[in-house]
Amino acid sequence: MVMTLLEYQLDMLKVEIQANDETIARMDEITKNVKQWAIALWTVSVGGALQDSGLSPYVGATAAIPLMFWLLDTWYRRIQRKFIWRTMQIVPTASSCVGS
């Protein structure tokens, strides 16, 4: 069976959509893990700073930990939005080609 050019292009679009969906799901997992690590490390650092009276003045400095993780999360979300944008560009094209 010989594929036409249109069928081949549609198959490639389907593969790209599937790859984008997998990447978006992976990015969701990464950002979830980043948030969990931020909470865990911040909790430990605040607890450690409060446990030792000499470190109590540095409790406010522990705010840098969630800030760093927030920047990392922002980076991954930016990448994820690019994949979402690309998928939104592909789906209407693929749908219109299948419908005709």
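Predicted model: local features only at pLDDT ≥ 70, side-chain atom pairs only at ≥ 80, totals over all residues.
Is Glu16 buried, partly exposed or exposed, and what is its relative accessible area? Glu16 is partly exposed, at 27%, where buried means under 20% relative accessible area, exposed means over 50%, and partly exposed is whatever falls in between (1.4 Å probe, protein chains only).

Residues are numbered from 1 along each chain as its sequence is written, and side-chain values use heavy atoms, with hydrogens and water left out.

Side chains of opposite charge can pair when their charged atoms come close. Here the rule for a salt bridge is a side-chain nitrogen of Lys or Arg within 4 Å of a carboxyl oxygen of Asp or Glu, and the count comes to three. One of them joins Glu16 to Arg86, with 2.8 Å from N to O. Glu16 sits in helix α1 (residues 5-51) and Arg86 in helix α2, so this pair ties together parts that are 70 residues apart in sequence. As for what counts as a helix, it's a DSSP run of H or I with at least four residues, numbered from the N terminus. Arg86 is partly exposed too, at 33% relative accessibility.

On accessibility, Arg77 comes in as partly exposed with 23%, and Asp28 counts as partly exposed with 35%.

What about Lys32 and Glu29? Their salt bridge has its closest N and O atoms 3.4 Å apart. This one stays within helix α1: Lys32 and Glu29 are three residues apart there, so about one helical turn separates them. Lys32 is partly exposed at 39% relative accessible area, and Glu29 is partly exposed at 39% relative accessibility.

Val91 is found in helix α2, which covers residues 64-99. The C-alpha atoms of Val91 and Ile17 are separated by 7.6 Å, although the two residues are 74 apart along the chain. Val91 itself counts as partly exposed, with a relative accessibility of 36%.

How values were computed: Helix = DSSP H or I, 4+ residues; strand = E, 2+ residues; numbered from the N terminus.
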